[in-house]
Amino acid sequence: MKNYVIEPLKPEEYHKCSNIWNMQTQPLSLQWKEEIESGNRLVFIYKINGEFIAEGALVLDTGDPDYTIRGKRVYVSRMIVKKEYRNRGIGSEILAFLINKAQEMGFNEMTIGVDKNNTTALHLYRKFGFTEVLFDGTDENGEYYKLMKRI
């Protein structure tokens with residue numbers, strides 16, 4: 001049995017997320033840090049024996065009503081598992097945790113954005129009920145969906 005915990009990220013430990021993903025090459029890294037500090041982005045870290053292995057976040061206000069509606073709809077962001085730990089069910093554990101957390105916070109809808117070519121993520125999100133397509137289109141990063149789940 002894995003010795004793991006999922007717990008809120010302390011803002012002063014944000015730099016430890018670099019164990020999961022490359023903060024230097026991610027242009028939104030600073031914006032996410034500011035959102036964490038302001039309380040708009042709630043990040044939860046999956047740790048095994050204290051090591052940062054994966055993360056998922058709930059964003060309260062994205063400025064896009066497809067993604068967030070104050071008090072009603074919350075956005076799932078940065079669902080990411082460290083490469084060597086993928087395909088072990090960790091993503092499912094984090095997503096289940098985030099759904100439960102959003103319910104506890106009083107939300108009744110959750111949204112997520114996913115690239116159309118990310119078949120692994122699409123499969124996971126559909127398995128968890130993110131089946132309502134709010135948007136099917138393209139931006140500067142390619143083709144993607146905005147998906148919603150009622151909770």
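**Figure 1. Overall fold of the predicted model.** A compact globule of 151 residues would have a radius of gyration near 15 Å, and the 15 Å of the protein agrees with this. The structure is a predicted model. Its C-alpha trace spans about 40 × 35 × 30 Å along the principal axes. Three helices and seven strands are present, arranged along the sequence as β-α-β-β-β-α-β-α-β-β. Of the 151 residues, 45% count as buried.

**Figure 2. Salt bridge between Lys82 and Glu51.** The closest N and O atoms of Lys82 and Glu51 are 2.9 Å apart. Lys82 lies in the loop between β4 (73–81) and α2 (90–104) and Glu51 in strand β3 (residues 51–59), so the pair ties together parts that are 31 residues apart in sequence. Lys82 is buried, with a relative accessible area of 11%, whereas Glu51 is partly exposed at 30%.

**Figure 3. Salt bridge between Glu109 and Arg73.** In this pair, the closest N and O atoms are 2.7 Å apart. Glu109 belongs to strand β5 (residues 109–115) and Arg73 to strand β4; the two residues are 36 positions apart and link distant parts of the chain. Both Glu109 and Arg73 are buried. These two residues also take part in a network of salt bridges with Lys72, Glu132 and Arg150.

**Figure 4. Salt bridge between Glu104 and Lys101 within helix α2.** The N-to-O distance in this salt bridge is 3.6 Å. Both residues lie in helix α2, three residues apart, which is about one turn of the helix. Glu104 counts as exposed at 55% relative accessibility, while Lys101 is partly exposed at 23%.

Methods: Residues numbered from 1 in each chain as written. Predicted model: local features only at pLDDT ≥ 70, side-chain atom pairs only at ≥ 80, totals over all residues. Heavy atoms only, no water. Helix = DSSP H or I, 4+ residues; strand = E, 2+ residues; numbered from the N terminus. Rg over C-alpha atoms; globule rule 2.2 N^0.38 Å. Buried < 20%, exposed > 50% of the residue type's maximum accessible area, 1.4 Å probe, protein only. Salt bridge = Lys/Arg side-chain N within 4 Å of Asp/Glu carboxyl O.
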